[in-house]
Amino acid sequence: MGLALKKPEGVPGKSWPAIIIGLFVAFGGVLFGYDTGTISGILAMPYWQDEFSTGFIDSKGHKNIDAGQTSTVVSILSAGTFFGALGAAPVADRIGRRLALIASCCVFSFGVILQTAATKLPMFVAGRFFAGFGVGLVSALIPLYQSETAPKWIRGLIVGSYQLAITIGLLLAAIVNNATKDRTDTGSYRIPIAVQFAWALILVGGMLVLPETPRYLIRSGKPEKAAHALSKLRRLPADHAAIRDELGEIQANHEYELSLGQASYLDCFRGSLLKRQLTGCGLQALQQLTGINFIFYYGTQYFKNSGITNAFIISMITSSVNTASTFPGLYAIDKWGRRPLLFWGAIGMTVSQLLVAILGTTTTGQTADGNVFSKNLGAQKASIAFVCIYIFFFASTWGPIAWVVTGEIFPLKVRAKALSMTTATNWLLNWAIAYSTPYLVNWGPGNANLQSKIFFIWFACCFLCITFVYFMIYETKGLTLEQIDELYAEVKVASESVHWTPTTTFTEIRASVAAQGGLGQKGALGHHEKTGEYRNEADAAS
């Protein structure tokens with residue numbers, strides 16, 4: 001096995017158009033990352049604290065917002081994203097993946113307008129909700145668009161690049177926050193917020209000229225437009241044999257699924273789809289429970305409270321590590337596979353979080369009025385180093401691969417619905433963590449005052465990730481989306497998926513069914529509820 005990612009021999013056409021389109025669409029992750037990262041710095045800005053305080057005085061004697069208000073400001077974005085992610089499926093299936101992304105950016109921009117104009121907390125919170133709703137739509141639509149347009153041999157890198165864009169957004173937020181934090185006017189927080197207009201405009205501009213996904217066009221009964229879109233992606237004539245073959249497989253898969261009837265949200269939890277839905281939702285939930293967003297939502301404040309003198313610089317360092325570490329992960333996804341990376345990444349995160357928890361708990365103290373101080377400068381530096389090591393393991397494995405796996409394991413008929421629920425699960429846990437963290441970490445009446453002990457919680461969740469990968473994650477490297485359907489139908493144990501190879505195509509299945517009576521009433525395909533397999537009902541009755 002060489003180190004280079006190469007286009008397989010005998011694959012006709014060009015791959016670079018689809019790769020460039022997929023990487024550009026990933027830019028939407030900047031909206032997600034920047035909006036997530038900017039609030040951490042804004043909450044720590046003295047001018048913003050003075051401007052939006054309702055009278056609360058913190059442990060340092062400075063005007064600020066209390067734990068409940070902090071919780072609301074941070075978590076309301078995640079509440080918006082939860083509903084946005086759930087709304088992505090009907091919008092994407094109704095108007096298409098491309099137009100849905102454009103509409104999402106408009107909703108996001110409205111939220112940015114409200115936040116920029118705000119001088120009081122209620123309007124700022126409302127802006128956070130609408131921005132979150134737009135981000136939620138985008139976060140479900142981008143992996144969907146990428147998965148349906150990317151060549152199979154490099155699909156992992158393309159879909160994983162969405163996570164890279166998220167990390168770039170986090171890094172840009174840290175840089176802009178650091179540049180404006182010392183301003184003594186509204187520009188300290190309005191500049192970081194207003195910059196987000198640029199990200200939305202760039203994405204909208206690109207989507208106005210990019211093609212719709214061929215799989216959506218087949219689903220919508222527009223095979224000619226699907227052939228035209230695929231010819232753009234592969235740089236081949238629309239009547240080329242390779243285009244006809246690929247579209248034929250997509251069409252056959254779609255007809256195969258339609259023969260089973262229309263899909264509802266409840267269908268995502270029936271038969272073999274139940275395991276896939278639980279895998280997707282579990283993966284996205286555990287991605288959040290590893291503790292990554294604690295660092296990027298509350299990291300600046302946490303580092304300040306831990307006695308670190310320049311918490312904004314530390315935030316820039318952790319964001320830089322996050323971005324740089326994503327690159328080796330993107331390379332390895334299609335080289336070494338999803339399953340081994342998730343497994344070893346979980347082990348690395350588990351060890352790192354345990355060491356951060358032990359160092360933070362044993363080498364810091366707290367005064368009677370709640371101020372945290374360090375008793376060992378060397379241990380404090382070591383703790384930050386292990387935070388960075390944890391970020392490396394997360395950014396190179398669980399960060400990008402969670403989006404890759406959830407974007408490719410569902411069949412076309414339910415893909416938008418199933419993917420919207422997995423993304424909504426991500427945001428539901430994101431909201432729960434954002435909402436509960438101030439109460440868990442902060443000092444004061446009604447708060448748990450865990451401080452560094454919270455890393456023991458993240459350690460336990462990372463340990464759970466190891467078990468989850470072993471029993472639930474199938475290896476899908478190098479398979480088409482249609483072949484992944486066959487994989488789940490034939491392989492019942494996740495660990496056995498590593499050695500599986502496809503033996504048939506949906507075109508062959510359709511031909512076989514047609515020869516036995518077609519797709520009509522008598523020869524209809526039936527779904528076996530216990531096994532999750534799809535069989536010809538005429539065969540099942542005999």
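Arg 339 is placed over the face of Tyr 470, 5.4 Å from the ring centre, and Lys 417 is placed over the face of Tyr 265, 6.0 Å from the ring centre. A charge is taken to sit over a ring if NZ of Lys or CZ of Arg is within 6 Å of the ring centre and within 35 degrees of the ring normal. The model is predicted, so local features need pLDDT of at least 70 and side-chain atom pairs count only at pLDDT 80 or more, whereas totals for chains, interfaces and linings use all residues. Residues are numbered from 1 along each chain as its sequence is written, and side-chain values use heavy atoms, with hydrogens and water left out.

Aromatic pairs number 23; rings of Phe, Tyr and Trp (its six-membered ring) pair if their centres lie within 6.5 Å, and planes under 30 degrees apart count as stacked, over 60 as edge-to-face and the rest as tilted. Phe 110 and Phe 130 form an edge-to-face pair, with 5.0 Å between centres and 80° between the planes. This pair links distant parts of the chain, since Phe 110 lies in helix α5 and Phe 130 in helix α6, 20 residues apart. Helices (H or I, at least four residues) and strands (E, at least two) are DSSP runs numbered from the N terminus. Phe 110 counts as partly exposed because its relative accessibility is 39%, and Phe 130 likewise because its value is 33%. Buried denotes under 20% relative accessible area, exposed over 50%, and partly exposed the range in between (1.4 Å probe, protein chains only). Ring pairs also join Phe 32, Tyr 162, Trp 403 and Trp 427 into a cluster.

The largest nonpolar core contains 135 residues, and Trp 48 and Trp 398 have the most contacts inside it. Helix α6 gives the most to this core, with 12 residues. Such a core is a set of buried Ala, Val, Leu, Ile, Met, Phe, Trp, Tyr and Cys residues joined through side-chain atoms within 4.5 Å. Beyond its neighbours within four places in sequence, Trp 48 is in contact (heavy atoms within 4.5 Å) with Ile 42, Leu 43, Ile 65, Leu 121, Phe 124 and Tyr 189.

In helix α1 (residues 16-25), the buried residues are Pro 17, Ala 18, Ile 19, Ile 21, Gly 22 and Val 25. Their cover includes α2 (28-43), α5 (97-117), α6 (121-149), α7 (155-180), α9 (196-207) and α11 (223-234). Tyr 34 belongs to helix α2 and counts as buried because its relative accessible area is 0%. Residues up to four places away in sequence aside, Tyr 34 touches Gly 169, Leu 170, Leu 172, Ala 173, Val 176, Pro 192, Val 195, Gln 196 and Trp 199. Tyr 34 and Pro 192 are 158 residues apart in sequence, with a C-alpha to C-alpha distance of 9.1 Å. In helix α16 (residues 338-362), Ser 352 is buried, with a relative accessible area of 3%.

Four cavities of 30 Å³ or more are counted. On a 1 Å grid over the protein atoms alone, a cavity is a set of points where a 1.4 Å probe fits but cannot get out, and lining residues have an atom within 4 Å of a point. The second largest cavity has a volume of about 130 Å³, and its lining comprises 13 residues, of which Phe 32, Gln 163, Ile 166, Ile 292 and Asn 293 lie nearest its centre.

Definitions and conventions:
On a 1 Å grid over the protein atoms alone, a cavity is a set of points where a 1.4 Å probe fits but cannot get out, and a pocket is an open set with protein on both sides within 12 Å along at least five of seven lines; lining residues have an atom within 4 Å of a point. Grid points are joined across faces, edges and corners, and a volume is the space filled by probe spheres set on the points.
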